[in-house]
Amino acid sequence: MMSSTERINIAASAQRLDVDNRIPLRYYYRIADNILKQADIFRAEKNIIDLYIMLLRFSGLVSETIPFHRDYRASLQSQKVYLKNRLLNALNELEELKPAVQQKINELNRRYTNQSNSLQQYAVKNQSLTYYGMTKAVKPAAREFNSYGQIAQRLSYSKPMEEQFRRMSLNLMRPKVETLSKHSILGPNGLYGQWQPPKTNIRVQYPSNIDLTPIEFPSLQQAIENKLPDKSDHSNSEPEASSIESTVTVGNCENSQKSHVDEPCPMISFEESETAPVHINVTRQPSPPPILAEVQDLVHAISPQVETDCRIDNPSTEALVPSESPLQLHISTTMMESFMKLAKSNTNRNLETCGVLAGSLKNRKFYVTALIIPKQESTSDSCQTTNEEEIFEVQDKRSLFPLGWIHTHPTQSCFMSSIDLHTHYSYQIMLPESVAIVMAPRDASRKHGIFRLTTPGGMSVIRQCQKRGFHPHIQPPDGGPLYSTCTDVYMNPNLNFDVIDLR
C-alpha cells in the first residue's frame, strides 16, 4: 500500500539515461535485466505504480539509450531481437496499466493535498491557541513602591486556574487531587506540601510485565543470601487490592519504623537501599529496529562539499510513494566489521581492499545480503578488481542486485577520491541506489562514510570527465556538491549476509 507523504511525479521517476560510451555495452544489457527483475518483484507485490515506472525506465533504456551506444551496431543480432521482444511486451503492459495507475496517482495526490491542508489548518489553529493562552492568561501586573523607591512586580491572576482551562476551550477534565497525588514524586500535597528528604531504608522494586527467567550469579548469590530477611517478616503484609495497584510493588514499606507509619513511601529513592534484591534479572530484549546510518556518522567529513542529504523525506512504515529519491538500503550492523577483518592483512601493509555489495529487493527496500571479495590488485591509494565476470556470475546465480561497493583507505581520511568517484559512477549507472562505503581506520574523526554521487550534478560531471588517475573536478552546474553522505541507508541488526571470498 502506498502512503501519501509526497506528491507523485511519474516523469521525474522515469528520467532518460544518457549513453556513456566508456561504459561497455554489456553493462547496459545488465541494467536492462536489473530493471526487469525489479519489475517482476513489483508485479508480484501488486505494486502497480513502481511496476509502471520500471517499465517506463526499461522502455526508455532500450529505445533511447542502448541504440545510441557506439558498439550497438556490432552487437549480436540475437541480443537485439531479445530486447525488441521485451520492449513490445513492456509497451503492451504499460497500456494495460495506464488507467489503473492514473486512478491510483490521482487518489494518492488528492490524499496528499488533503493531508497538507489539514496540517496547515492544524498549525494555524495551534499557533493561535498558543498566542491566546500567552496573552490572556495573565493580566498586567500591579506595581507597588517600597521604602527604598524600588519597584516590586507582583503578578495578579484575575480568575482561578480552572477558569483559565475553560477559556482555552480545552474539553479535558482536570485530574483529581487523588490522581495527581498518586503519580507525583512530591507526595499527596504536591507543590504546597513540605519537602521530605529521601529515606534510605526504603527501596522500590519494579516488577516486569514480561515473563522472565531469573539468572542467578553464584558469585553474588552467596552474599545476597546472607542478607536475606526471613519470609515470615512479610506474613502480615496486606493482600493485593487490585491488578492495577499490583503493577508497582513497593518493597519493605510495612517493615519501616513506626515513626514513619503515617508518611507515604516515596516512589523514588536517591540513595542505595540497605536490603539487596533477591534475584538479578537479565532481560533479553528484542533486537532494536534498523537505524539510519547517519546516526553512526555524527562527525561529518572534512570537506563541506559532501555534506548534503540524499535521504527520503518522511520515511514511513508503509511503502513510500515513488519519486526521484532512491529506495531505502539496509546493511547489517556487523558487515563493516567483518569486511575490516578480511582486509586486515592488506591494511597492515598499507594496501587498499575492496568488496562488492549485492542483495535483494522486498517491499521497496533493498537489503545487502552478500559481501563479495573479488580478485583484485591493490596499492596504497587504489584498488581494482581483475575478474568482473566472476562477480557477475555470483550475482546471477543468486539473483542478486548490485548495490554498491566497499573499500578501505588504510593511510588516508574518510572521503571519496577522484578515482573513487569514477569507480562509483559505474555502480550508480547500474542501480541508482548503489552506495560507496569508505573505511578509514586511521581517521580519528570519522572511521567510515556511506556516499553517493549527487543527481544530476555529480553524475553529469563524472560522465563528461575524460581524465584518469587523481585529478580535480569542476563544480556541478547547479552549484551543489559532487557526492553526498547518504542518510537513506539503515544499519539493520536483524539482517544476515554471506561472505563470498573469490580471492
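The chain holds twelve helices and 16 strands, where helices (H or I, at least four residues) and strands (E, at least two) are DSSP runs numbered from the N terminus. This is a predicted model, in which local features need pLDDT of at least 70 and side-chain atom pairs count only at pLDDT 80 or more, while totals for chains, interfaces and linings use all residues. Residues are numbered from 1 along each chain as its sequence is written, and side-chain values use heavy atoms, with hydrogens and water left out.

- Of the 503 residues, 36% count as buried; buried means under 20% relative accessible area, exposed over 50%, and partly exposed in between (1.4 Å probe, protein chains only).
- Among contacts (heavy atoms within 4.5 Å) with a separation of 6 or more, 76% are made by residues 24 or more positions apart.

**Packing of helix 2 against helix 3**

- Two packed helices are described by the angle between their axes and the distance between the axes.
- Helix 2 (residues 25-44) packs on helix 3 at an angle of about 160°, and their axes are 8 Å apart; axes are lines fitted to C-alpha atoms, for helices over the stretch in contact, and angles run from 0 to 180 degrees between N-to-C directions.
- The two helices are therefore roughly antiparallel to each other, given that angles under 35 degrees count as roughly parallel, over 145 as roughly antiparallel, 65 to 115 as roughly perpendicular and the rest as oblique.
- The crossing of helix 2 and helix 3 is left-handed, a term for a near helix turned anticlockwise from the far one by less than a right angle, with clockwise giving right-handed.
- Helix 2 contributes residues including Tyr28, Ile35, Phe42 and Arg43 to this contact, and helix 3 contributes residues including Asp50, Leu51, Leu55 and Phe58.

**Glu93 and its surroundings**

- Glu93 belongs to helix 4 (residues 77-136) and counts as buried at 17% relative accessibility.
- Not counting residues up to four places away in sequence, Glu93 touches Arg43, Leu51 and Leu55.
- Arg43 is a residue of helix 2 that meets helix 3, whereas Leu51 and Leu55 are residues of helix 3 that meet helix 2.
- The side chains of Glu93 and Arg43 make a polar contact at 2.9 Å; such a contact is a pair of N or O atoms within 3.5 Å, and within protein one must be able to donate a hydrogen and the other to accept it, with residues adjacent in sequence counting only if both atoms are side-chain atoms.

**Salt bridges**

- A salt bridge is a side-chain nitrogen of Lys or Arg within 4 Å of a carboxyl oxygen of Asp or Glu, and by this rule the count comes to 14.
- Arg364 forms a salt bridge with Asp50, their closest N and O atoms lying 2.3 Å apart.
- Arg364 sits in the loop between strand 7 (354-362) and strand 8 (365-373) and Asp50 in helix 3 (residues 48-65), so this pair ties together parts that are 314 residues apart in sequence.
- Both Arg364 and Asp50 are buried.
- Lys341 and Glu337 form a salt bridge through their side chains, at 3.9 Å from N to O.
- Lys341 and Glu337 are four residues apart in helix 8 (residues 335-342), a separation of about one helical turn.
- Lys341 is exposed, with a relative accessible area of 61%, and Glu337 is partly exposed at 49%.
- Glu390 and Lys375 also meet in a salt bridge, at 3.0 Å from N to O.
- This pair links distant parts of the chain, with Glu390 in helix 10 (residues 388-398) and Lys375 in the loop between strand 8 and strand 9 (376-378), 15 residues apart.
- Lys375 is partly exposed at 32% relative accessibility.

- Thr347 is found in helix 9 (residues 344-348) and is buried, with a relative accessible area of 12%.
- A polar atom of the Thr347 side chain lies 2.8 Å from the backbone oxygen of Ala343.
- Thr347 touches Met340, Thr408, Pro410 and Pro441, not counting residues up to four places away in sequence.
- The C-alpha atoms of Thr347 and Thr408 are separated by 7.8 Å, although these residues are 61 residues apart along the chain.
- Gln328 is placed in strand 6 (residues 328-332) and is buried, at a relative accessible area of 7%.
- The side chain of Gln328 makes a polar contact with that of His330 at 3.2 Å.
- Gln328 and Val489 are 161 residues apart in sequence and 6.0 Å apart in space, C-alpha to C-alpha.
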